[in-house]
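Subject: Structure for your files

Dear colleague,

Here is the structure I said I would pass on. My notes on it follow below.

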Amino acid sequence: MQMKTAGVIGGGAWGTALAQVVARAGLAVTLQARETEVVDSITRDRVNAAFLPGIELDPAIRAKTEMADLADCDLVLAVPPAQHLRGTLEAFRPHFRPGTPVILCSKGIERGTLKLMTDVLAETLPEATPAVLSGPSFAGEVARGLPTAVTLAVADADLGEALMARLSPPGFRLYLTDDLIGAEAGGALKNVLAIACGIVEGRQLGRSAHAALITRGFAEMTRLCVALGGRAETVAGLCGLGDLVLTCSSPQSRNMSLGLALGEGQTVEQALAGKRSVAEGYQSAPAVRDLGLKLGLDMPIAYGVAALLAGEATVDQVIGSLLSRPLRAETDG
Ligand SMILES: NC(=O)C1=CN([C@@H]2O[C@H](COP(=O)(O)OP(=O)(O)OC[C@H]3O[C@@H](n4cnc5c(N)ncnc54)[C@H](OP(=O)(O)O)[C@@H]3O)[C@@H](O)[C@H]2O)C=CC1
Ligand SMILES: O=C(CO)COP(=O)(O)O
């Protein structure tokens, strides 16, 4: 399969950083952004001033507002916020060539339907060949060329090998799996858990509580992954544990910084006021809770965050209820 041109849908921080990665890998890249402001900024100044300021972009990236400009691409990376994936793919549908690989890079679960991103793709572009890219990767770091490694999930081994080889410029290492559900489960939950970690930081509950929360959060992630049909070993990798550790460790994370603000006493409205960037944990928390309850899963941290964000409980009530749960064996499912 020829892989000379790539389309990136979504001109936010991550779409722009991935366009940079793909350009460094030697492909011609078309970045589709809805906002003319973003397209003009990239075309004129080689920078995405709105979502990724201060980072010079590769000349091989051309920015466009129209989906039609992606029609001839050999592969497509879909990078809108998770709640907009369906609408975005529906808009792309008239320009889509059947069989083209679509690499899903959004992290979340669709509210209302409780669908994973691969389900949304299967419903909107059933002729697409799906792939998932997920792992520890702050857009600013990746766009500047700092090194990281992430998971690439593709069902077909030959296509997976080809994509892995083609999309791994120096400093951006792809590790292959055929477990798409596992790769999605990690990214969907880690943002909710990062809000909880931010609260621990904001309330100054200490490093021990922080480590305990990451570990018990990872147990919730593993339960969700397995219940959805993924493999536990997948979330033990970059797309699960790797991303959880990153997102729970740095206020660079929009999700952790939301939690920090809540832990310091701000309301949800105050913490989100004026923010143009997406905090996917805030968006996905109700869907994570509905899905977990539907599957009969024990996910107290995720449910606590969802209750807090919905205004059903205060920070202190959530912390109190987590600390007063019945004692149990560590490895109980
Ligand atoms: N930032 C990061 O470090 C990482 C982000 N991700 C994931 O990537 C996804 C995108 O995040 P990110 O790029 O950071 O987002 P940003 O907050 O940087 O940008 C917002 C994005 O939202 C898009 N958008 C806003 N409203 C709509 C709408 N109604 N329909 C379609 N798109 C809309 C914008 O598109 P447009 O420009 O076209 O207006 C823009 O791409 C998320 O799921 C996130 O979890 C994954 C790994 C790293
Ligand atoms: O997904 C990310 C890093 O892998 C980005 O995290 P935030 O969305 O919390 O900034």
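**Ligand 2**

Helix H7 (180-202), helix H10 (238-247) and helix H11 (254-263) each contribute at least two residues to the shell around ligand 2; helices (H or I, at least four residues) and strands (E, at least two) are DSSP runs, numbered from the N terminus. H10 gives the most, with three residues.

Before the rest, the conventions: this is a predicted model, in which local features need pLDDT of at least 70 and side-chain atom pairs count only at pLDDT 80 or more, while totals for chains, interfaces and linings use all residues. Residues are numbered from 1 along each chain as its sequence is written, and chains are lettered from A and ligands numbered from 1 in the order in which they are written.

There are 13 residues around ligand 2, of which Ser137, Asp243, Ser253, Arg254 and Asn255 come nearest; a residue is near a molecule if its C-beta atom, placed from the backbone, lies within 6 Å of it. By class, the shell has four nonpolar, five polar and four charged residues. Here Ala, Val, Leu, Ile, Met, Phe, Trp, Tyr, Cys and Pro count as nonpolar, Asp, Glu, Lys and Arg as charged, and the others, Gly among them, as polar. Ligand 2 lies between domain 1 (5-178) and domain 2 (181-324), because both give residues to its shell. The domain bounds come from an automatic or database domain assignment.

**Lys190**

UniProt, in an unreviewed entry, lists Lys190 under "active site"; its positions are given in the numbering used here, feature names are shortened, and annotations may be inferred rather than shown by experiment. Lys190 is found in helix H7. Lys190 is buried, because 32 other C-beta atoms lie within 10 Å (buried means 20 or more such atoms within 10 Å, exposed 12 or fewer, partly exposed in between, with C-beta atoms placed from the backbone). Leaving aside neighbours within four places in sequence, Lys190 is in contact with Met221, Asp243, Leu244 and Thr247, where contact means C-beta atoms, placed from the backbone, within 7 Å.

**Ligand 1**

Around ligand 1 there are 28 residues, and Gly11, Gly12, Trp14, Arg34 and Ser277 are the closest. H1 and helix H3 (85-92) are the elements that give two or more residues to this shell, and H1 gives the most, with three. The shell has 13 nonpolar, 11 polar and four charged residues. At least three residues come from each of domain 1 (5-178) and domain 2 (181-324).

The unreviewed UniProt entry lists several residues under "binding site", including Gly11, Trp14 and Arg254. Gly11 sits in the loop between strand S1 (5-9) and helix H1 (13-24), and counts as buried with 28 C-beta neighbours inside 10 Å. Trp14 lies in helix H1 and is also buried, with 26 C-beta neighbours inside 10 Å. Beyond four places in sequence, Trp14 is in contact with Val79, Cys105 and Ala139.

**Domains and confidence**

The centres of domain 1 and domain 2, taken over C-alpha atoms, are 24 Å apart. Their contact takes 25 residues from domain 1 and 27 residues from domain 2.

The protein averages a pLDDT of 97, and 100% of the residues score at least 70; pLDDT is the predictor's confidence in each residue, from 0 to 100. For the complex, the predictor gives an ipTM of 0.97 and a pTM of 0.98.

Regards

Technical notes:
Contact = placed C-beta atoms within 7 Å.
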